[in-house]
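Here is a friendly note to read alongside the model. Please keep the 3D view open as you go.

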Amino acid sequence: MGAGSQASGDVFRWFSVESGNADNPTVILIHGFPSQAYSYRKVFPVLSKNYHAIAFDWLGFGFSDKPQPRYGFDYTLSEYVSALESFVNEVATNKVSLVVQGYFSPVVVKYASKNQEKLNNLILLNPPLTAKHANLPSTLSIFSNFLLGEIFSQDPLRASDKALTSCGPYAMKEDDAMVYRRPYLTSGSSGFALNAISRAMKKELKAYVEDTKAILMDKNWKVRTTVCWGQRDRWLNYDEVEDFCKNSNHKLIELPMAGHHVQEDSGEELGGIISGLISRRIVT
């Protein structure tokens with residue numbers, strides 16, 4: 001499972017879903033913080049026509065394992081980088097395209113910087129890119145508080161419903177809400193994990209955002225990169241994003257009707273965009 005607090009024998013179970021012909025080029029869809037692979041349910045049918053689409057729940061989220069902090073996994077961002085490398089190596093032997101949303105984007109960019117030879121494309125959905133993006137919004141940072149965080153992270157309505165709907169126009173249907181709530185209703189480990197990753201994000205996000213900017217603007221960065229931006233994002237300001245993409249020579253695609261969770265607000269449209277982007281550069 002990689003470095004950090006993980007012992008060499010630690011093996012964790014990941015919840016993942018896949019669709020499409022496994023012989024087709026692979027696209028891995030990576031959810032943000034906090035969310036689940038379920039958020040890509042509207043993207044899957046579009047991508048699976050021509051690609052092998054895979055989505056997973058990060059450790060600590062959804063239906064993947066939620067190790068107790070200090071017992072195998074501490075939810076640091078460096079551990080997530082190592083964990084992602086383990087997952088990709090397990091599910092894909094050829095080059096892949098990665099799609100990642102929100103606050104886990106810096107983790108994926110860090111992984112990509114060490115594994116450029118494995119990637120065809122990198123598509124970032126509302127990633128934190130500027131100094132203004134380096135702090136968690138209050139809706140998420142509350143989970144890192146010593147006492148309130150431990151209480152609120154056990155509340156399914158705060159941990160799932162409010163966290164998913166306060167950042168844009170997304171209006172959650174009850175059937176979808178129950179999928180997101182279920183991990184918090186069935187085990188306290190989901191709340192403990194949310195509290196731990198919130199603390200890590202609060203501590204490490206600024207440095208990871210700075211690293212993301214440096215990596216994506218470096219002359220040695222060779223991975224074809226696109227930023228897709230939902231313009232109704234209430235958490236991350238659009239200021240400086242256009243300039244960043246222009247200065248780094250990365251493609252910018254604006255989605256005017258989407259918020260922070262682009263895949264929830266404009267899933268089918270996003271599926272078409274992703275399909276069009278990766279079809280232009282496929283290497284196996």
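This is a predicted model: local features need pLDDT of at least 70, side-chain atom pairs count only at pLDDT 80 or more; totals for chains, interfaces and linings use all residues.

1. Residues are numbered from 1 along each chain as its sequence is written, and side-chain values use heavy atoms, leaving out hydrogens and water.

2. The UniProt record (an unreviewed entry) places "domain: AB hydrolase-1" at residues 25-265; such annotations may be inferred rather than shown by experiment. Over residues 25-265 the chain is 42% helix and 15% strand (DSSP runs: helices are H or I, at least four residues; strands are E, at least two).

3. The largest pocket has a volume of about 280 Å³. A pocket is an open set of points on a 1 Å grid with protein on both sides within 12 Å along at least five of seven lines, and lining residues have an atom within 4 Å of a point. Volume means the space filled by probe spheres set on the points. Helix 8 (residues 189-217) gives the most to this lining, with four residues. By class, the lining has three nonpolar, two polar and four charged residues (charged means Asp, Glu, Lys and Arg; Gly counts as polar).

4. How many cavities of 30 Å³ or more does a search of the whole structure find? The answer is one, where a cavity is a set of points that a 1.4 Å probe fits but cannot get out of. The largest cavity has a volume of about 80 Å³. Helix 6 (156-165) and helix 7 (174-186) are the elements that give two or more residues to its lining.

5. Look at the residues around the largest cavity, among them Phe61, Ser160 and Tyr184. This lining has seven nonpolar, five polar and no charged residues.
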